[in-house]
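Here is a short briefing to read alongside the structure. Take a moment to orient the view, and then we can walk through it by topic.

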Amino acid sequence: MTLAVRYTSARTLDTAPAAGSEPGPGEVELAPAYVGICGTDLHIFHGDMDARVATPAVLGHEMAGRIVRVGPGVEGWRPGDAVTVMPLRWDDTCPACRAGHQHICQHLDFIGIDSPGAMQQRWTVPASTLVRLPATLPLDRAALVEPTAVAVHDVGRAAVKDGEKVVVVGGGPVGILIALVARAAGAEVRVVELNAHRRLLAEELGLSTWDPAAADITELVQQWTGEAGADVAFEVSGAAGGVDTAVDALGVRGRLCLVAIHPRPREINLHRFFWRELTLVGARLYDRGDFERAVALVADGTIPAQRLITKIVPMTEAPAAFEALESGGDVMKILVDCTDDTQGAAV
């Protein structure tokens, strides 16, 4: 019997025994080492996704660990291999899949939301979801590959180019990762963030920041761009004001990439879209190429993952970690330690 962190009802988590499952054909059993808590997990914790999540639900999809057992027919993998998981299972038959967009399958199983996730000591997944990690990459840092893949996909969807001016509205974990990936693509980046701790961390990583409570962001953009406006804006805040800031930052034919999950419809200045011929691009999830690029960025230090990890907590402290992230403050990324040495996992 292994342990799992489970969501049972709004604002209620427990750590309870979970029955492991023998890996079947094409499956592998993993020993998750570290699992990150993300914004989607917080939406579940708040009860906002109860219509989608079957309780009790094992959460978690940002992970790194090692293979424990391989099922029949699995080739190229063996116990002890260090891996992360691209937590998507698609049907390959819907119109989106047939068009080559499997990552946004119309019947997508997002593992960790629609089916049991990684916040447990043993986890059985399809071998097709595995992404290999370099042996030299520490597993705690590797737990940030999944959110980095989100950032890689976002920057790709916005088609960020060398020399462009980019505004990132929202300096949480994904916002910082987008800024770092955009910078690696050659862009000049400004991060708009209210939280002083997050601004300080961004600046320590060499990013320039603006505080929207202290200055008019539109005016700062005009000064920075010689009144041309930004080429790209990423809306990562999830707030109505963030949408306005991102739209107002853009110059002629600028691109707005919508990253944040907005739980309700937002008003948007469509006249500005008309007047400046702006483009709105949605960005959701990632594909395997994004994941492989993310592994490389974390492994070579382009993404300083260790600087983004605020703390690592044991499974029994997961509920308190969710509450800490909910409150904001001086917290960026919290990992849950799921290692279980008593069962001989090589983690």
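Which residue in S15 is the bridge partner of Phe234? The bridge partner is Cys257. Please keep in mind that this is a predicted model.

**Parallel strands**

- Strand S14 (residues 230-235) pairs with strand S15 (residues 250-258) in the parallel sense, over 5 bridges.
- To get from S14 to S15, the chain passes through helix H8 (residues 240-249), and this β-α-β crossover is right-handed.
- S15 also runs parallel to strand S16 (residues 279-282), and 4 bridges join the two.
- On that side, Leu258 has Gly282 of S16 as its bridge partner.

**The nonpolar cores**

- The largest nonpolar core holds 101 residues, and those touching the most other members are Leu30, Leu130, Leu133, Val160, Val168, Phe234 and Tyr286.
- Helix H5 gives the most to this core, with 7 residues.
- Another core, of 17 residues, lies apart from it and has Val192, Val221, Ala233 and Val243 among its members.

- The buried residues are Pro173, Gly175, Ile176, Leu177, Ile178, Ala179, Leu180, Val181 and Ala182.
- The length of H5 agrees with expectation: at 1.5 Å a residue its 12 residues should span 16 Å, and its end C-alpha atoms are 17 Å apart.
- Gly186, with a positive phi near 100°, follows H5.

**Helix H12, buried along one face**

- In helix H12 (residues 318-327), the buried residues are Ala318, Ala321, Phe322, Ala324 and Leu325.
- Looking down the axis of H12, these buried residues fall within an arc of 160°, so they line one face of the helix.
- The spacing makes sense, because an α-helix has 3.6 residues a turn and residues three or four places apart point the same way.
- The cover over the buried residues of H12 includes strands S1 (2-9), S2 (12-18), S17 (309-314) and S18 (333-337), together with helix H1 (39-45).
- After H12 comes Gly328, whose phi is positive, near 75°.

Technical notes. Residues numbered from 1 in each chain as written. Predicted model: local features only at pLDDT ≥ 70, side-chain atom pairs only at ≥ 80, totals over all residues. Heavy atoms only, no water. Pairing = 2+ DSSP bridges. Right-handed = clockwise from strand over helix to strand, strands pointing away. Buried < 20%, exposed > 50% of the residue type's maximum accessible area, 1.4 Å probe, protein only. Arc of directions from axis to C-beta. Contact = heavy atoms within 4.5 Å. Expected span 1.5 Å × (residues − 1). Core = buried A, V, L, I, M, F, W, Y, C linked by side-chain atoms within 4.5 Å.
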